[in-house]
Structures are given as C-alpha cells and as structure tokens.
Protein chains: 2
Amino acid sequence: MPPITNARVLFNTRPDGYPVPGETTVYDTSETIDLETDPLNGGFIVKVLVLSIDPYFRGRMKVRKSPYGLIVSVSFQIPYRLQSKTDWFDGFGVGVVLRSENAQVAVGKHVYCAVMPHQQYVVIPELGEYVRLIERHPGLPWSIYVGALGMPGQTAFCGWKAYSEAKPGEVTFVTTGAGEHLSISLVEWLVIQLAKADGTKVIASAGSEEKVEFMKSIGADVAFNYKTTDTREVLEKEGPIDIFWDNVGGDILDAAIENAATFGRFIECGSISGYNTGQTPLKNFSLMVGKCLHMHGFLVWPLLPKYEEEFYATLARSSRVGSSSDFVFLPREYSEERWEGLEKVGDAILAVQNGTSKAKAVVIVAEE
Amino acid sequence: MPPITNARVLFNTRPDGYPVPGETTVYDTSETIDLETDPLNGGFIVKVLVLSIDPYFRGRMKVRKSPYGLIVSVSFQIPYRLQSKTDWFDGFGVGVVLRSENAQVAVGKHVYCAVMPHQQYVVIPELGEYVRLIERHPGLPWSIYVGALGMPGQTAFCGWKAYSEAKPGEVTFVTTGAGEHLSISLVEWLVIQLAKADGTKVIASAGSEEKVEFMKSIGADVAFNYKTTDTREVLEKEGPIDIFWDNVGGDILDAAIENAATFGRFIECGSISGYNTGQTPLKNFSLMVGKCLHMHGFLVWPLLPKYEEEFYATLARSSRVGSSSDFVFLPREYSEERWEGLEKVGDAILAVQNGTSKAKAVVIVAEE
C-alpha cells in the first residue's frame, strides 16, 4: 500500500485576540504516512476518530514574558509550541489502534489521549499518564468520551468530589464562562447537577437569558443574567455561599468572596474571562483570612486516578441513551456540536472561544 | 470593703491611619467595683493580670460600608463597637479568679480569654469557646500565655500543622509584616522554626536588615530585605516554593503565586499591609488553577481544639527557661516588651502597628 495523506492542523501564529481560522491554525496536507510499513519503534499507530475542542486551548496559545525573562503560559498545561511547521496542535481525543509493537496495545483497541495531535494518523510511542486505553460503554458514541465522559465531565466530577465538601442545605454558587454546551459550559452543566444531587441550593449566573433558562431547566434554584442583574444583590439575598465553583474569576470572584460564608470552599476551575482580555485584579482576597476560606486551584489529571472508577460507574450508566436516569445526569439535555473533518478545527476553536458554540464541540475526524 | 476604682480602656474613635493613644483609645477611671458584693449572677469575677497587644487590633478598629449597606469588618473577628462609653476594648488576656458562683471555676484558678476586656476587674458570666481555664507550667510567666503560648504561637502551630503538609526538602517562604517579636512577628518567628523542624528550606523576607539578621539567627536558610532586594529575583533563584506563609498579601503574594510550585500550599494568616493602607489588588490569582495551588485562610480558634494538646505538650516543655530545648523553640530568642499598667495600652497598640515594638507586646495590668 502506497503512502497516503496524513492531514494535520498546525499552530501557525499566536493570536492577539480571538483565534483566526486559517491564520492561528492552518490545515496542512503536505505529509504522508505508510500505515503498513512506517516504523513504530515499539509504539503503535492510531487512527484518530474524534477530537475535543475546549476553552482551555486559548490559554495554551498565549505566553507572556515575566519581567525576569521567564516565559510562562497563562493557563493550563504547556503552551502550544510555535517553532516550526512540524509543531502540531493537540487536545483530547480518541483513536483506534491500527498496528502495534506494544503487547499491551492490541490492534482494534481504543486510546484516550490528552495531547492527541490534530492529525489523521499518529504514531504513539507508549502508554502513560496522558495516553490510556479506554473502553466504550454500550450505546454511547466515542464523542461523548471527550465530552461528558471526557475531560470536561471529569473536571466537574473530580473537582466537586475532591473539594466541595458539600452538605445538604448549603449554598452553591456556579458561574459560567463562555458558552460551550447548550449555551453553558459542560463543566458547569455537570457541576450544577452534582450540587443539586448533594442537596445544596444552587445559585447560577450566566451572560444571557437563554443560558439562564437552560440552567433553571437542569436544576438551578436561582439563575440570573449577570449582565442585567447585580451579582452582589443576588448573593446578598440568596447567600451567603458555602461553595463557589469559579469558572470566571475577576469581579464576580470578588463578589463571591464578599458573600462567602465562614469556612467556604472555592473551587477554582478556570478564569476564561481572562483568556482573551487579560487578568482582572482581585480586590477582596484578604477577606479570606477572617472568613477561613479555602481556595483550591486544580487540574483534572492529578485527581483522576482517585475518582476515575466512580466517575465512569456513575456517569456512563446514566448516559445511556434511552435509559431511565437514576442520576442527575440527563442525556436528553446533552448535545454535541459536531464539526466534520480536521479542516474544521479552526472554525470550531473560534466558535468555542467567542461563545457561538451552543453545545459540546467535537471534531469528527473519521468513522471507525 | 468599699467600692474601688475599676480602670478600663475605651474605644473612642475609629482611626484613619495609625491609632492615636488617648484619642483612638482612652484610659478611663470613672467606674468602680465592689469586689465583695457586686452581683455575679452565676458568673465569676476575674482580676486581669496580663493583656496581649496584637497586630489584628487594627483590623477590628476599621469597618467599611459595602455598596449594599452591609457593615463589615475588614479583618478578623467582630469590629470593636463604637456606640457609647460603655463599649470596652478587648483582646487576649489572662486573669485570676477572685470570687465565683460557678462550681467549675474555683477561686485562685486562672482564666484565658480571647476577648478579655481591657479593664482591671471583669465579671465573666460563664466559660465558653473564648473563655477557658488555663494552667501554668512550672517556670513560665503568665505573659508567655498571651505570646508564644498564646494566640500568636497557637496561630503559627495550628496553621502550620493543619495546612502546610510539609515534606522534607520542600521550600517554604515566610513573609513578615510589621514587627512584633525581636523585630519580626511572633507568628512568623515560630513558623520559621516549625518549617525548619519539618526539614524544609526556609526563605524569609522582612523590611529591615535587623530583621533579616534575626531571621537568619533562628534558622532561615535565605533571608532578605524586601525593600532593597527584589522578591521575585530571590524566589526565582531559590524557589519554586511549595509552602507560602503569608502575613503580608499584596504584591509579595503575587510574586509568591508566580513562583509557586505545582500543588503549592498558601497559608493565609493575615495581610497586615492592608490594615492601615488599604487592599492591594491581586493580579496573578488565576495562575493558581494551572499550578493546582491550595490557599487556606484561617483563624486559630476553629483549629485549636484539634491541636491544643500537642501544642502545649510541645511548646510549654520547650519554653521552660534554662531547660535544654529538644524542639526548635528557643527560649533564649524569645523576649517580651512589657508595658506596665492599663494606661499604657494606647502606646503599646501604636508601637505594634508602626513597627517600633521589637518584642512580643504585653501589658502587665497587675501582679497576682
């Protein structure tokens, strides 16, 4: 079999504002691969099936220079490299094994990778923390494993289980950043439901009436549009808050600190408001001393080994389409925005960043 | 026995900047008490022996009005009231019981109180969370029970034990606020020694060469004057830091976040820089997500029941003057600045706030 095209997405320029499809990222078809004969060097070759498009991409596109010369990413994980045309773009993805020199990784098995290159075929050297075998549960598409059953769902589940210390009757406040799933972030979508399942009163804020209605439909007790309603007024009336799930940062975080109950837990999951527009300084931080607040920044990976089994046991069961849900997880409210083909990655990234994406964004690279 | 003068300190005006003796607080001798016949209503009467003068007083003197009408203290505990001349000033203190109608509280026993009125004689209604019986260890003066063995020592010990998760070889960064003990805060004085005892490398910063030398003398591996040396340069060279004991807040906290190791623990003990000059907004807070930082605001009271026994067992033994110390606690480095008489409370408060106090400030109200 002759070599075939191995299309990929390259990271081309660091954007100043929103990423620009075709400029920030470039779809490239200049490489080829021979699936049967290209050397594996003990690794295995994977055909990429689905890729996740996530808000955190934006943080990895940026770097900033500290006054002392250190280049640091402003967000999770390492920045995307921008040194040559061979530097690929990557993210969460699932693929199927086509050929393997690794006894643990049989042909036909599936691989879940946190740094899956945005490329049709990938030679992966070995399994590891970020490259794991994954099994599909009956009735579920692979795409859900980069969504509700992937990093976003795991982020919500692990962060909530590890740090919320939720007790019935407490008050949870959840903020939503740029839209992703049915107009709110998939992470917060699950957090609202976990908070309800644990018996807390849920206050939720978002930036549009559509999002507010959606949050009410999945169980938020109090939902409001922070663009038209004063967050502080709501929190003073409905609070004080015991648990704050923070996806926004900035002034809303300041408001949450002001209205936190003693011994409140703040779960810092991101600050998407800062991704494109810079950091908003925090004014009330020192109030955390007198209020005995605990603030937990976290990434999902270090927590996953502890909660992985419980996560799949709880959510994969509930996710089966058509089954009656005995958990908060509501398949009927879960939807994906599917982009067909690697060449759509740039458009999908922009849609997630500017909030026009209304569902969990996935790129379907290939059918199995 | 006729009534005798019961001198006291009243809170007179809220200061704009530093507290002014005789104006912020007023020494008042207009009240009398009959020690033998004044009604106790089931309580007990205490002759106050020693009072602690602490940095946190400043926070309790301030209130601020939120945009929504709520009056909140900017610091620990409830603000000092300022409604009438009967509103006393209070703080940590030790007294001896002169008369009692409470079977648990025998005459001659001693009482440790977190809100001891700054007054010669006090009728206390009952024991409770903030009013507890206390026993003196051989060879130690009562004053040490409002210092190294009182709230400051307990704050350091409980905060460190609860939140540092210190492991040998890690790096601790301790900042010092306004001076108190031998030119640095007594809290930090103990934290430096606890951090060393747990095998961490200790970086410490203070605002004068004298403080820097003192911190080195009690074990800091790296000590520097933040007024003449760039904090970020030191942290980039000596860090990253795993544990940050923060008594300052503001820009140094920002620098600590920048130079924190993944999974770093920030123990937020106060932000004295904000007491007199207002809050410095925090710019780098959102970096805590990617670094998985954990920030713990705390007050000593909720933690004390868990650590009290270990605290006294460890420190009271080590504090005995002349004994060989098998703990980090070094009695020879511990000193008090004693102010004789209630009328000196105002001067002592100012000295603690403006940093001229060079030792743990105590007011000796009476000999036993």
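In which sense do strand β12 (residues 171-175) of chain B and strand β15 (residues 241-246) of chain B pair, and over how many bridges? They pair in the parallel sense over 3 bridges.

## Basis of the report

This is a predicted model, in which local features need pLDDT of at least 70 and side-chain atom pairs count only at pLDDT 80 or more, while totals for chains, interfaces and linings use all residues. Residues are numbered from 1 along each chain as its sequence is written, chains are lettered from A and ligands numbered from 1 in the order in which they are written, and side-chain values use heavy atoms, with hydrogens and water left out.

## The sheet across both chains

Strands of a sheet pair through backbone hydrogen bonds, either parallel or antiparallel. Here, an open sheet of 12 strands shows mixed pairing, in the order β14(A)-β13(A)-β12(A)-β15(A)-β16(A)-β17(A)-β17(B)-β16(B)-β15(B)-β12(B)-β13(B)-β14(B). The edge strands, each pairing on one side only, are β14 (222-225) of chain A and β14 (222-225) of chain B. From one strand to the next, the twist averages 15°. Strands are DSSP runs of E of at least two residues, helices are runs of H or I of at least four residues, and both are numbered from the N terminus; two strands pair if DSSP finds at least two bridges between them.

Within chain B, B:T172 has B:I243 in β15(B) as its bridge partner.

## Helices lying across the sheet strands

Helix α4 (residues 209-217) of chain A lies across β13 (201-206) and β14 of chain A, and runs at about 175° to β14(A). Helix α6 (residues 250-258) of chain A lies across β12 (171-175), β15 (241-246), β16 (260-268) and β17 (294-297) of chain A, at about 150° to β16(A). Axes are lines fitted to C-alpha atoms, for helices over the stretch in contact, and angles run from 0 to 180 degrees between N-to-C directions. Contact means heavy atoms within 4.5 Å.

## Packing of α2 and α3 in chain A

The axes of helix α2 (residues 151-163) of chain A and helix α3 (residues 186-197) of chain A come within 8 Å and cross at roughly 40°. α2(A) is therefore oblique to α3(A) (angles under 35 degrees count as roughly parallel, over 145 as roughly antiparallel, 65 to 115 as roughly perpendicular and the rest as oblique).

On the α2(A) side, A:P152, A:G153, A:T155, A:A156, A:F157 and A:W160 meet A:L186, A:V187, A:L190, A:V191, A:L194 and A:A195 in α3(A). The residues of this contact comprise 10 nonpolar, 2 polar and no charged (Ala, Val, Leu, Ile, Met, Phe, Trp, Tyr, Cys and Pro count as nonpolar, Asp, Glu, Lys and Arg as charged, and the others, Gly among them, as polar).

## A:L303 in helix α9

A:L303 is found in helix α9 (residues 300-319) of chain A. A:L303 counts as buried because its relative accessibility is 12% (buried means under 20% relative accessible area, exposed over 50%, partly exposed in between, with a 1.4 Å probe and protein chains only). Leaving aside neighbours within four places in sequence, A:L303 is in contact with A:C158, A:G159, A:A162, A:Y163 and A:F298. A:L303 and A:G159 are 144 residues apart in sequence and 7.8 Å apart in space, C-alpha to C-alpha.

## Backbone features in loops

The peptide bond from A:G239 to A:P240 is cis, with omega near 0°, and A:P240 lies in the loop between α5 (231-238) and β15 of chain A. In chain B, the bond from B:G239 to B:P240 is cis, also with omega near 0°.

A:N41, a residue other than glycine, has a positive phi near 50° and is exposed, with a relative accessible area of 71%. B:C292 is not a glycine either and has a positive phi of about 55°, but B:C292 is buried, with a relative accessible area of 3%.
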